[in-house]
Amino acid sequence: MLKINNLHVKLEEEDKQILKGLSLEVPAGEVHAIMGPNGSGKSTLSYVLSGRDGYEVTEGEASLDGEDLLDMDPEVRAAAGLFLAFQYPVEIPGVGNMTFLRTAVNAQRKARGEAELTAGEFLKEVRAKAAELQISPEMLKRPVNVGFSGGEKKRNEILQMAMLSPRMCIMDETDSGLDVDAMRLVSEGVNALRSPDRSFLVITHYQRLLDHIKPDVVHIMSNGRIIKSGGPDLALEVEHNGYGDLLAEAD
Amino acid sequence: MSDTAVKPINEVTPQVSGNPKAASALEDRLAAITMPDAGFSAEARADAMARLRAMGLPAPRDEYWRYTDPRAFNAPRPAALPFDADGAESPLFTERDKLTLVFVDGAFDEAASDDLSLEGIEITTLAKADAAGDHWSADLYGQLELAGQTPVKRPFAALNTAVAHDGLLIRVTGKPSKPVHVLYRRGTEDADAVWHHVIRVETGAEMTLLESGMVGARSNGMLEVDLADGAKLHHIAAKRAVDPKVGLSHIFARVGAEAQLKSFTLAVNGTLMRNEGAIDMVGDDAVAHIAAAVLGDGDNGPFHHDDTVFITHGAERGESRQVFKKVLKNGATGVFQGKILVKPGAQKTDGYQISQALLLDENSQFLAKPELEIYADDVKCSHGSTTGAIDEEALFYLRSRGVPYDRAIVFLVLSFLADALTEVEDEELRDEINDRLEAWLTTRPQI
Ligand SMILES: Nc1ncnc2c1ncn2[C@@H]1O[C@H](COP(=O)(O)OP(=O)(O)O)[C@@H](O)[C@H]1O
Ligand SMILES: [Mg+2]
């Protein structure tokens, strides 16, 4: 599904290299986790994959189902099935959550040549999915993320993910700022979406989330590269011993 | 500054009597106007004409006209502007049962209008009242305009009072069941439309006034509003100028104790527009909100939009808000001059002013002059002015969800304008304006 090969990325404005030859492959239906110290480049990876401006790919490639991702506009990547749950979801005053979501859903459907959802169809679906995430109808009407608590913002990201049904979901520290209940809701939301033709790349600091969303593979990232990959046990090892040994080993 | 020579004061501030060139420019301007047959308003008109002759037309170097070149308003005639009489009208406020009154090139069109009778409200026209002689509005016609001439001169307002042929004279005594909607239409290509409305809302009464449509090649419209204690006026003007027109407008208001004035203007395109407001809060606990959402695209020809507002707090516990938002692109210019004056004794005043521009490219500009002048010690006043570009982070967020670039820009423009639209209290009307804006933005180059 997602293939990243020897990816080198620097900041466009500065001479700062952030990703330094990162390679990774997430096959269809699998959940991969990326863990790593702050500043390793995890968020940068998620932004580069989803097409944010400000980065320059100097070497390497990334593809989704064999299609080169890096030349596509962000909205084209989205329609191709890529989704990023933001570490810091953006507030957009004056734009209703529902209006935004419906526009996004239908824009993607249109781009893929599918029929757009009618207002009624959309409403029915969004209400059902919102209820599962305990997102109130009132929250749906509010402007995008405005006045939402940290946990509400993250649940709203998962709602968007559920509505857009992407094939490749990248989640950037979706667990940060969540209390136990919110963590459970978010994890249940994600687990409900797991399927043989959908993959996840879950970026997290903590093993905790991986108790709920069981990964197939765990990657440790440091200084712009994957330094070690392994099974779920690798996350436990990090939890107990920290990154110190792994980093030393990599050097 | 190109001119370094120190000039005697009477040359810097042109006095018509002492400046033959300016005087003849004004006389040329007046010569192009057909004077109305004044009845009840004759005295006010003569007074306004004398004031106009004393102050003269504004010069580009006048402080109050620093950001906007007055020459297109000073010219004797506007340039002719072709228009499509059948096509271009796009009805607004369609959802609402309303009393629609049509003005063509500034003159009331009785045949095209609804019947003037509506419970709780008396409506007549300026032309009819002038023909009939006496009228209740004699105490008001030109009087609020006169009061608004201090401390800044507004020559085109005096001109309006002196020469307006027509307008509405509205007295509200109750709570009419529906809004009054003034629909402006164009009749001839080179119309120099001048109209003058007077509205008196009596104690405890209230009304909603809607304005929409297209006005002449050049226009000069005025609204004099007198709100008695506890009276309310909701005013929503949607000025659409698909063609490159030149227009100016004034609103003069006197707001009594516990009275409320809420005025919102939507302006889309045009060539040169200047909207002046002079609001006098004379009673305790008065409320005045003046807001505008402006979209200007220089691609359809030069765009220059000026909002100049002066709010005076003359009593206690007044609340005023000025909320001005301008979206500018392709070399468009936005201007905001806004002032809050708090007079001695106007304690517990709550004055707020925000003016913001969203520049969609680097060729556009926003010129703002926010001012506070406060002579009372126990007040809360704030003002802010910002100029910014599209928020890249929000743009990426929207696009990452699959929203195409153009559509994402529409969302962010609406987001930027939201604070101004909030000033439209009526949710249904607000939604309609928002939808209309969205449609305009989506079907560019129409915006
Ligand atoms: N736009 C930017 N400007 C300056 N530095 C940046 C920018 N984006 C990322 N960085 C730097 O790149 C490194 C990686 O950041 P990030 O991808 O956010 O790491 P992580 O998500 O793993 O904590 C950090 O040193 C960060 O400061
Ligand atoms: Mg990060």
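What follows is a short exchange on how labels are assigned in this predicted model.

Modeller: Conventions come before labels. This is a predicted model, where local features need pLDDT of at least 70, side-chain atom pairs count only at pLDDT 80 or more, and totals for chains, interfaces and linings use all residues. Residues are numbered from 1 along each chain as its sequence is written, chains are lettered from A and ligands numbered from 1 in the order in which they are written, and side-chain values use heavy atoms, with hydrogens and water left out.

Biologist: What makes A:Ser43 and A:Gln87 coordinate the magnesium ion (ligand 2)?

Modeller: Distance. Donors are N, O and S atoms within 2.8 Å of the metal (3.2 Å for Na, K and Ca). A:Ser43 (OG) and A:Gln87 (OE1) sit at 2.1 to 2.5 Å from the magnesium ion (ligand 2), so both count as donors. Water is not among the atoms, so sites may look incomplete. A:Ser43 lies in helix H1 (residues 42-50) of chain A and A:Gln87 in the loop between strand S6 (82-85) and strand S7 (92-96), so the pair ties together parts 44 residues apart in sequence. Helices (H or I, at least four residues) and strands (E, at least two) are DSSP runs, numbered from the N terminus.

Biologist: Why is A:Gln87 called buried?

Modeller: Buried means under 20% relative accessible area, exposed over 50%, partly exposed in between (1.4 Å probe, protein chains only). A:Gln87 has 12% relative accessibility, so it counts as buried.

Biologist: How do you know that B:Asp190 is partly exposed?

Modeller: Its relative accessible area is 35%. B:Asp190 is in the loop between strand S5 (180-185) and strand S6 (192-201) of chain B. Leaving aside neighbours within four places in sequence, B:Asp190 is in contact (heavy atoms within 4.5 Å) with B:Arg77, B:Pro78, B:Ala80 and B:Ala217.

Biologist: Why are H8(B) and H9(B) called oblique?

Modeller: Axes are lines fitted to C-alpha atoms, for helices over the stretch in contact, and angles run from 0 to 180 degrees between N-to-C directions. Under 35 degrees counts as roughly parallel, over 145 as roughly antiparallel, 65 to 115 as roughly perpendicular and the rest as oblique. The axes of helix H8 (residues 392-400) and helix H9 (residues 405-421) of chain B come within 9 Å and cross at roughly 130 degrees. H8(B) and H9(B) are therefore oblique to each other. By class, their contact has eight nonpolar, no polar and one charged residues. Ala, Val, Leu, Ile, Met, Phe, Trp, Tyr, Cys and Pro count as nonpolar, Asp, Glu, Lys and Arg as charged, and the others, Gly among them, as polar.

Biologist: What makes H3(A) roughly parallel to H6(A)?

Modeller: The axes of helix H3 (residues 97-111) and helix H6 (residues 150-164) of chain A come within 10 Å and cross at roughly 30 degrees. That angle makes H3(A) roughly parallel to H6(A). The contact has seven nonpolar, four polar and no charged residues.

Biologist: Why is H7(B) called largely enclosed?

Modeller: Nine of the nine residues of H7(B) are buried, so the rest of the structure largely encloses it. Among them are B:Phe156, B:Leu159 and B:Val163.
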